[in-house]
Amino acid sequence: MATLDADRSVGEYFAINLRKIREEKGLSQAELAQRVKDLGHSCTQATIWKLEQGHREPKLTEVVAIGAALDLLSWKDLASKPATFNATLAVNQWRRRAHDLAEQTRAAAAAQRDALVQLAFAVKAAQDAGLSVGGMDAGPGGWLELSPEVTVLREVLAARVADQVEDEERDRRWAEEDRLLEQIVGALEKSGLPLAITPEDIQVVGPNSPRDDDAEMGG
């Protein structure tokens, strides 16, 4: 029996780690066995039970298949020391969470940009028709005051401030947000990126359809 130190074997580490991750994922032994079978590997509930009890050393093919069935980033983690395994699980859990939220943020940012562009077209159409609409979207504090990129950053900073609920800290944190936003805007100004959407400068190139790729935004 291969050993990793004087006290524990690969099978013992594997048994401890396997049971922990299976239970954390809310899977029964039978459900995990079915997942392994769905991947094309022979496995039964009895197999999982024997491995968790440490009754025998796991085969390499079993470790690889079970790691895949448990959606682990590396099947080798199952054979590591439990302390290392637990630390790796925590890191990977939050790494995946950060990745998922980053994708959601990109999607939300794209939707926000589209909404601001559509708003600019709507304001432009109202102005061309000589209509007065409620709100001052293009003025200070309006949704068109800043570019979509800066608006998204502003909302991210607002979310950061919202996490702090202590009243005595709120004013200071809002001031910090304003300071950070000023730094971001300053950097964007130096880059030459337009910082606002101006309805008056919209030039419709294609058919009368408020689509981003059919219009040019004046700079």
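I began with the contact of helix H1 and helix H5. On the H1 side I found Tyr-13, Ile-16, Asn-17, Lys-20, Ile-21 and Glu-24, and they meet Pro-82, Phe-85, Asn-86 and Leu-89 in H5. Contact here means heavy atoms within 4.5 Å. I sorted the residues of this contact: six are nonpolar, two polar and two charged. (Ala, Val, Leu, Ile, Met, Phe, Trp, Tyr, Cys and Pro count as nonpolar, Asp, Glu, Lys and Arg as charged, and the others, Gly among them, as polar.)

I noted the ground rules next. This is a predicted model, where local features need pLDDT of at least 70, side-chain atom pairs count only at pLDDT 80 or more, and totals for chains, interfaces and linings use all residues. Residues are numbered from 1 along each chain as its sequence is written, and side-chain values use heavy atoms, with hydrogens and water left out.

Then I looked up the geometry. H1 spans residues 10-24 and H5 residues 82-128; they pack at an angle of about 30°, with axes 10 Å apart. The two helices are therefore roughly parallel, a label for angles under 35 degrees. Axes are lines fitted to C-alpha atoms, for helices over the stretch in contact, and angles run from 0 to 180 degrees between N-to-C directions. Helices are DSSP runs (H or I, at least four residues), numbered from the N terminus.

Which residues touch the most other members of the largest nonpolar core? I found Leu-18, Leu-32, Ile-66, Leu-70 and Leu-78, in a core of 19 residues. Such a core is a set of buried Ala, Val, Leu, Ile, Met, Phe, Trp, Tyr and Cys residues joined through side-chain atoms within 4.5 Å. H1, H2 (29-38), H3 (45-53), H4 (60-69) and H5 each supply at least two of its residues. H4 gives the largest share, four residues.

I followed Leu-32. Beyond four places in sequence, Leu-32 is in contact with Leu-18, Arg-22, Leu-27, Ile-48, Ile-66, Ala-69 and Leu-70.

Is Gln-29 buried or exposed? Gln-29 is buried, with a relative accessible area of 14%. (Buried means under 20% relative accessible area, exposed over 50%, partly exposed in between, with a 1.4 Å probe and protein chains only.) Gln-29 lies in H2. Not counting residues up to four places away, Gln-29 touches Arg-22, Gln-45, Ile-48, Trp-49 and Glu-52.

Last, I checked Ala-111 in H5. Ala-111 is partly exposed, at 47%. Ala-111 and Pro-148 are 37 residues apart in sequence and 9.8 Å apart in space, C-alpha to C-alpha.

Definitions and conventions:
Angles under 35 degrees count as roughly parallel, over 145 as roughly antiparallel, 65 to 115 as roughly perpendicular and the rest as oblique.
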